[in-house]
Amino acid sequence: YGINDLFNLRAHGDVAAFNLPNLATSALIYNGSIGAELLLDVYDWIPYGGALVGPAAVAIQEGQTVVHLAIELPFGLGYQMSRDWTIGVEGRYRILLPAFVTSPVDMLSVFGRLEYVFGD
C-alpha cells in the first residue's frame, strides 16, 4: 500500500520448501510478515528496499514444527512498462530468530515480478 511516492506499507504471506543439512530431511516454512519499504521512483526504473517482521513456522519432515521470529529484507528493481504495469526482479533475505540446530538460520530467495498497479 503506497503511503506516498517514497514509502509503501507491505504485507505478505508465503510458503517455501527447502532441504536441511541432513540430506534425507526437508522442511516447509510458513511465513507472514508486515513492514515498510523505501522506493526511489526515478523515471521508469524503480529500485526499492525494506524491512519486514512476522512469525515463521518451520515444519520439519519428521513432524516437528518450530515457530521463529522472521526478519526479512526485501530489495529489488522494477521497470515501469506503462502507467499500470511493472516488471522486475526481487530478492528477499530472511533471518530466523532464535536460530535452532534443527532449523535454518537464514535464506535468500530471488523472484521475478509482474505487477499491476491500481489507482492513480
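Student: How many positive and negative side chains does the protein chain have?
Tutor: In this predicted model, there are 5 positive and 12 negative ones, and the centres of the two sets lie 2 Å apart.

Student: OK, and what's the secondary structure like?
Tutor: The chain comes to 0 helices and 6 strands, so along the sequence you read β-β-β-β-β-β.

Student: What box do the C-alpha atoms fill?
Tutor: Roughly 50 × 25 × 20 Å, taken along the principal axes. Buried residues make up 32% of the 120 residues.

Student: Let's look at R94. Where is it, and is it buried or exposed?
Tutor: R94 sits in strand β5, residues 85–97. R94 counts as buried because its relative accessible area is 4%, and the cut-off is under 20%.

Student: Which side chains does the R94 side chain make polar contacts with?
Tutor: One is D14, at 2.9 Å. Another is N31, at 3.4 Å.

Student: And which residues does R94 touch, leaving out those up to four places away in sequence?
Tutor: D14, A16, I29, N31, A70, I71, E72, V105, D106 and M107.

Terms used
Residues numbered from 1 in each chain as written. Predicted model: local features only at pLDDT ≥ 70, side-chain atom pairs only at ≥ 80, totals over all residues. Heavy atoms only, no water. Helix = DSSP H or I, 4+ residues; strand = E, 2+ residues; numbered from the N terminus. Buried < 20%, exposed > 50% of the residue type's maximum accessible area, 1.4 Å probe, protein only. Polar contact = N/O pair within 3.5 Å; in protein donor to acceptor, adjacent residues only side chain to side chain. Contact = heavy atoms within 4.5 Å. Lys, Arg positive; Asp, Glu negative; His and termini not counted. Charge placed at Lys NZ, Arg CZ, Asp CG, Glu CD.
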